[in-house]
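Please look through the sequence and the structure shown below, and keep both at hand while you read the report that follows.

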Amino acid sequence: MPYLSELAIFSYGFTAQGRLLPPALPDEWMIEMTLQNGTAPILTLTPLDEQGRFSNWSSGIRTVFFL
């Protein structure tokens with residue numbers, strides 16, 4: 001990880017109502033490891049339905065990145 005400037009933590013979901021859905025597996029260890037190595041953890045958002053499956057309902061939503 002010392003050669004990375006950032007690491008995308010894959011993947012948090014969000015519903016059409018704006019509810020955040022956490023990943024299926026714990027990600028705290030990845031976030032802690034990136035911070036310990038001076039790497040920025042980047043939140044990856046994916047549109048999901050209520051069952052946690054990918055949904056393309058948001059194809060018209062503009063993506064904004066904050067660093």
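Leu4 is found in the segment before E1, where E marks a strand, a DSSP run of at least two residues, and H or I a helix, a DSSP run of at least four, each numbered from the N terminus. With a relative accessible area of 40%, Leu4 is partly exposed; in this report, buried means under 20% relative accessible area, exposed means over 50%, and partly exposed lies in between, using a 1.4 Å probe and protein chains only. Although Leu4 and Ala40 are 36 residues apart in sequence, their C-alpha atoms are 8.5 Å apart in space.

Ser5 also has its place in the segment before E1, and at 52% relative accessibility Ser5 counts as exposed. The C-alpha atoms of Ser5 and Thr39 are separated by 5.0 Å, while the two residues are 34 residues apart along the chain. When residues up to four places away in sequence are not counted, Ser5 touches Thr39 and Ala40, a contact being a pair of heavy atoms within 4.5 Å.

## How the model was made and read

This is a predicted model, in which local features need pLDDT of at least 70 and side-chain atom pairs count only at pLDDT 80 or more, whereas totals for chains, interfaces and linings use all residues. Residues are numbered from 1 along each chain as its sequence is written, and side-chain values use heavy atoms, with hydrogens and water left out.

## The overall plan

The protein has one helix and three strands, and along the sequence these elements follow the pattern β-β-α-β. Of its 67 residues, 28% count as buried. The protein exposes about 5400 Å², and carbon and sulfur atoms supply 61% of that area, as given by the Shrake-Rupley method with a 1.4 Å probe, where for residues only the protein chains shown count as cover. Among contacts between residues at least 6 apart in sequence, 64% join residues at least 24 apart.

## The sheet and its pairings

What is the order of the three strands in the sheet? They form an open sheet in the order E2-E1-E3, and the pairing is mixed. E2 and E3 are the edge strands, since each pairs on one side only; two strands are said to pair if DSSP finds at least two bridges between them.

Strand E1 (residues 6-14) and strand E3 (residues 40-47) pair in the parallel sense over seven bridges. Within this pairing, the bridge partner of Tyr12 in E3 is Leu45, and the bridge partner of Gly13 in E3 is Thr46. E1 and E2, by contrast, pair in the antiparallel sense over two bridges, and Phe14 stands opposite Leu20 in E2. The hairpin of E1 and E2 has five residues between the strands, and Gly18 takes a positive phi near 90° there.

## Buried and exposed places

Leaving out residues up to four places away in sequence, Thr44 touches Ala8, Ile9, Phe10, Ser11 and Tyr12. The C-alpha atoms of Thr44 and Leu7, which are 37 residues apart along the chain, are separated by 9.7 Å.

Leu20, found in strand E2, is partly exposed, with a relative accessible area of 47%. Together with Leu43 and Leu45, Leu20 forms a nonpolar patch on the surface, with about 290 Å² of accessible area in total. Such a patch is made of residues with over 30% relative accessible area and no salt bridge, and nonpolar side chains (Val, Leu, Ile, Met, Phe, Trp, Tyr) are joined within 5 Å, while like charges are joined within 9 Å.

## A buried charge in a loop

Asp27 has its place in the loop between strand E2 (20-21) and helix H1 (28-36). Asp27 is buried yet has no salt bridge, and the nearest side chain of opposite charge, Arg19, is 16 Å away. A salt bridge here is a side-chain nitrogen of Lys or Arg within 4 Å of a carboxyl oxygen of Asp or Glu; Lys and Arg count as positive and Asp and Glu as negative, while His and the chain ends are not counted. Not counting residues up to four places away in sequence, Asp27 touches Ile9 and Tyr12.
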